Amino acid sequence: MPQPTNSQVWVDQILTNVSVAYSNAEFIADQLFPMLPVTKQSGILPIINQSAFFRNDARLRAPGTKSVGTGYTVSNTTKYFCDRYSIRHEIPDEVRDNAAQVYDQDRIATKLVTEQLFLSRELAWASNMFAASVWAGGASAGDNTIATVWSNYSSSSPLTEIQGWHDTLQGSLGRDANAFVIGRQVWTQLKYHPDVVDMLKYTTPIKGPIGPAVFASMIEVDNGFVGSAIYTTTVEGIAEGSVSYSRIWGKNALLLYVPSGPALEDPAAGYTVVWQRVPAANQYIKRMRNEETEVDIIEGNSYYQHKLLVSKAGAYCASVVA
């Protein structure tokens, strides 16, 4: 007896309660330099020079004499300029009208441009600040060296070496470092290092590998940051299976002194200066309409500069694991 086939009585439909998309789980760049909101796109960051506060001008004072005077100097040559970074996604009317419910055009477009702005800042910080040429708080012009890569468990001493960076930085800045930044590949090796495991052996039991916060306390900093974000430089249009991805933060490490927020008379390594054209927004979304081409435009915008202020407030080391 003839019967209709499945394909004759059912046409596959797009599910409306689930979809698959990709994004980085976490970005760290916005946490490394405190956000400094400004009301103008450009300006000057005032610097009070260091040496006056570390010079002992106090003297014994005899009766009837006046006290010895002292002073300080300033520099008003450190300028910032918040460049504008923008990205848009266009939604043609035909696409919107034909899209299945699960493909919410506005939601996906907003997520896409927002993610790319975060990625842009992550890449900018890692490229411009996560480098030896930037920092002067280490043993050799900011670029520390290690005796043996930390992935060599039998011969390396990461905790001792990091403490050495601490001492060098503090001896130049007068402040202890309070932040430690490493790439994901460094963390993968470091959390299982015998020195780290042994240090925890007689403390409160921890199930499984430690987290960044526990390690931060071990090396006497307030915050430990692990850069895990990835990106691609493969051009659009290449088959998805042929796209290659790279890690942004690499196999490097950086010890920093940064305040918890913008402050007066504080030797911050740097700030992320943000021109908030939209009040209280580090980035913002615009929705526009082009009637001539019949498209809606979702555009993300951000004005910022990662501004280095005190190079001796950072100690950097490249390639700390193999």
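Okay, ground rules. The model is predicted, so to speak: local features need pLDDT of at least 70, side-chain atom pairs count only at pLDDT 80 or more, and totals for chains, interfaces and linings use all residues. Numbering starts from 1 along each chain as its sequence is written, and side-chain values use heavy atoms, with hydrogens and water left out.

Confidence next. pLDDT is the predictor's confidence in each residue, from 0 to 100; the chain averages 91, and 91% of the residues score at least 70. My helices (H or I, at least four residues) and strands (E, at least two) are DSSP runs, numbered from the N terminus.

Now the pockets. On a 1 Å grid over the protein atoms alone, a pocket is an open set of points where a 1.4 Å probe fits, with protein on both sides within 12 Å along at least five of seven lines; lining residues have an atom within 4 Å of a point. Volume is the space filled by probe spheres set on those points, which are joined across faces, edges and corners.

The largest pocket holds about 1,500 Å³. It has 34 lining residues, with Y22, S23, L112, Q116 and Y245 nearest the centre. β6 (83-92), α4 (105-129) and β10 (230-231) each give two or more of them, and α4 has the largest share, at 8. By class, we get 19 nonpolar (Ala, Val, Leu, Ile, Met, Phe, Trp, Tyr, Cys, Pro), 7 charged (Asp, Glu, Lys, Arg) and 8 polar (the others, Gly among them).

The second largest pocket comes in at about 820 Å³. Of its 28 lining residues, P46, I48, E265, D266 and P267 sit closest to the centre. β1 (35-38), β2 (42-44) and β3 (47-48) supply at least two each.

β1 takes us to strand β13, residues 270-275. The two run parallel, joined by 4 bridges, and V38 stands opposite W275. Strands pair here if DSSP finds at least two bridges between them. β13 also pairs with β15, residues 295-308, antiparallel over 5 bridges, with Y271 opposite K307.
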